[in-house]
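Hello,

Here is the structure I promised to hand over. Please look through it first; my notes follow below.

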Amino acid sequence: MPRSKRNKVVSLTATTKKPGRENNERLFSSIRECVDTYPTLLVFSVVNMRNTYLKDVRSELSDSRLFFGKTKVMAKALGTTSESELRPSLSKLTTHINGNVGLLFSPREPKELIEYFEEFVKEDYARMGAVSPIDFVVPEGVVMSLGGQMPAEDDVSLAHSLETTVRGLGMPTKLVKGKVWLDQEYVVCKEGQKLDSKQAALLKLFGRMTAEFCVTPVAYWTAESEDVTVVEKPEVDAMEA
């Protein structure tokens, strides 16, 4: 087995800025230690980043180590050239470390990890700036708690205490006999439209999730092969937020 370059001193001057230097050095050192510990290293990208769901991944893959930090620091820890790489071909993996990506060191086979992430998709509420994948229109009349997403007999009317809230978010509502009322239908958003803060808040208030948190494997390296494999991207139309 080739001699590990883990103990080689590498300057972080070009990739760190105070006061985050200490965190970057910790990230750098931890990644280098993991190279000699785990047989599989996977680069993954994240769509609609949510810390809550990333914690779920850490919990379910508790035998693995997940890193999500500055891409320049992560790449430099692995070695960006054939001269500085810790193990053969690791520098090839660093070409994929850009954008919203992280590293996963694991004792598991790449195939198992890829299959796990294919199934790990969580729905969530869109945030301001997201592009809406749907049209959402609240019908005229009594405003229901789900904004008309289901038959009125299966829903309940929106609490009257929320009338000022939805009016403040742009809906031209009023109270009629204790019910929140619209004289005409109200278009919250159209498909393809970038959401502003009020539209995102209304979608959440009416319980309409239009975003998906998902993790996509990009490429992986294994200690056995000492080579990098690029993962074929599935043709999935992910919702953005």
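**The aromatic cluster**

Phe44, Tyr53, Phe68, Tyr116, Phe117, Phe120 and Phe213 are linked into a cluster by ring pairs. Rings of Phe, Tyr and Trp (its six-membered ring) pair if their centres lie within 6.5 Å; planes under 30 degrees apart count as stacked, over 60 as edge-to-face and the rest as tilted. The count by this rule is nine aromatic pairs. One of them joins tyrosine 116 and phenylalanine 117, edge-to-face, at 5.1 Å centre to centre with 65° between the planes.

This is a predicted model: local features need pLDDT of at least 70, side-chain atom pairs count only at pLDDT 80 or more, and totals for chains, interfaces and linings use all residues. Residues are numbered from 1 along each chain as its sequence is written, and side-chain values use heavy atoms, with hydrogens and water left out.

Back to that pair. Tyrosine 116 is buried, at 19% relative accessible area. Buried means under 20% relative accessible area, exposed over 50%, and partly exposed in between (1.4 Å probe, protein chains only). Phenylalanine 117 is buried too, at 2%.

Phenylalanine 120 has a charge over its ring: lysine 122 lies over the face, 5.1 Å from the ring centre. The rule asks for NZ of Lys or CZ of Arg within 6 Å of the ring centre and within 35 degrees of the ring normal.

Strand 3 covers residues 101-106. Helices (H or I, at least four residues) and strands (E, at least two) are DSSP runs, numbered from the N terminus. Why is strand 3 largely enclosed by the rest of the structure? Because six of its six residues are buried. Val101, Leu103 and Phe105 cover one side. Gly102, Leu104 and Ser106 are on the other.

Strand 3 pairs with strand 1 (residues 40-47) in the antiparallel sense, over six bridges. Two strands pair if DSSP finds at least two bridges between them. Strand 2 (residues 65-67) also pairs with strand 3 in the antiparallel sense, over three bridges. Leucine 104 in strand 3 stands opposite leucine 42 and opposite leucine 66.

**Threonine 222**

Threonine 222 is in strand 10 (residues 211-222). Is threonine 222 buried or exposed? Threonine 222 is buried, with a relative accessible area of 13%. Threonine 222 touches Pro39, Thr40, Pro110 and Asp227, leaving aside residues up to four places away in sequence. Contact here means heavy atoms within 4.5 Å.

Best wishes
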